[in-house]
Amino acid sequence: MLSEQTLSLVKATVPVLQQHGVTLTSHFYRRMFEHNPELKNLFNQGHQHSGQQQQALAGAVLAYAQHIEDPSPLLPVLTRVAHKHVSLGIRAEHYPIVGKHLLASIREVLGEAASDDLIQAWAEAYGLLAETLIGIENGMYGESTNAAGGWSGWRPFRVARKVAESEEIVSFYLEACDGGALPAFKPGQYVTVKRFVGEWGLSQPRQYSLSDAPSGEYLRISVKREDAAAGKPAGRVSNLLHREVNEGDVLELTAPQGDFFLDEDRSGPAVLISAGVGQTPMQAMLARLLKQGGREVRFLHAARHGGAHAMGRKVRQLAERHPQLQIHVRYEAPRAQDVLGVDYHAAGRLDLGEVKALAVLPDADYYLCGPLGFMRAQRDSLRRLGVPDERIHSEVFGSNSGDD
């Protein structure tokens, strides 16, 4: 339990965090990497360079200060963070290092305003947060290790097949080098892949959704090559995977994690809504749903054009074989070779209001994955169409998904 003085002092920093939070977290990361450069291997340096991690951490610190009296509303967020930490191999021994640099950064950025009492208050608050996360993560590590086919840490996998799914997405079929069993993960979850980036001199972790249902034979990831665009540099890891990793090569993976997955206890319809490479977790969900049978399935997907549309033919073939599956595809800017009525059903952006009869079903659960703007638009649309929030499940494919 935190004392009243600690609660009061932490809450008093909320206005400062609202105004200077990114300055604080940027200083924190610079300080930590200067003193503990080995930790760079645990952090996505692409997101460091773009400022996304600094912004995300600033938002998290602010939210914690705002809810310091009752952090329970943050539990879903902490669970999601814990999944990411476990997938990256963050352990209890890393927390004191982070705490030391966070407290030092508060003192260095705030200057005279950072009294000894304030630093002590934040030390106590951080200690409680660290204890909570360590407890959640230890439980996850135990589950991963003790599950049939599970493991802890990095496990080598050999690329059994490399398949081009579109002009920019490639699937890797991965088999365990040790020949051991594979876990029955939950469709929608992801794995972390580690690759050495020569220009940075670092091993870099990236999370990729598993794009096929558990088979016991392989794990499949489908990786979009992130090209340079609009001032954004090309994705280092995705390009290395596309260019340099071939059949027979070895990749290291952590065990599947993630709190976005198909609820297999439901019996009602499942509506899968995605954009771009956000369809990868939906592919795993779709495969599981069709194998199980018994549930109506809707698969709605948005792509820029046919060249960017992965796995379209496969999904059409599944719809031909499974009458419970209906699909709808939108191309934002169709190309001349894209065939209306075959490759896609309509041009423009996906508008659920226009396909309400197909997309909105009684007692359905809705699974969303794609860029943040797409996610917000689809969630807002579902709400306007009367879908309750508890039926909407989402995963953001972007800065927290290791997509570069």
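Which side chain makes a polar contact of 3.2 Å with the side chain of Gln 204? I looked it up, and the side chain is that of Arg 206. I took a polar contact as a pair of N or O atoms within 3.5 Å; within protein, one must be able to donate a hydrogen and the other to accept it, and residues adjacent in sequence count only if both atoms are side-chain atoms.

**Ground rules.** I am working with a predicted model, where local features need pLDDT of at least 70, side-chain atom pairs count only at pLDDT 80 or more, and totals for chains, interfaces and linings use all residues. Residues are numbered from 1 along each chain as its sequence is written, and side-chain values use heavy atoms, with hydrogens and water left out.

**Arg 206.** I found Arg 206 in strand β4, residues 202-209. Strands (E, at least two residues) and helices (H or I, at least four) are DSSP runs, numbered from the N terminus. The side chain of Arg 206 also joins that of Asn 44 in a polar contact of 3.2 Å. Is Arg 206 buried or exposed? Arg 206 counts as buried because its relative accessibility is 0%. Buried means under 20% relative accessible area, exposed over 50%, and partly exposed in between (1.4 Å probe, protein chains only).

**Cysteines.** I searched the whole structure for disulfides and got 0. A disulfide here is a pair of cysteine sulfur atoms within 2.5 Å. I also checked Cys 177, which is partly exposed at 28% relative accessibility. Cys 369 is buried, at 0%.

**Domains.** I noted domain 1 (4-146), domain 2 (154-257) and domain 3 (270-396). These bounds come from an automatic or database domain assignment. The C-alpha centres of domain 1 and domain 2 lie 28 Å apart.

**The interface of domains 1 and 2.** I read a buried area of about 1,200 Å², with 51% of it on carbon and sulfur atoms. Buried area is the accessible area (1.4 Å probe) that two parts lose on being put together, summed over both. Asn 41, Ser 87 and Leu 88 supply 39% of what domain 1 buries against domain 2, more than any other three residues. I counted 11 residue pairs in polar contact across this interface, both at pLDDT 80 or more.
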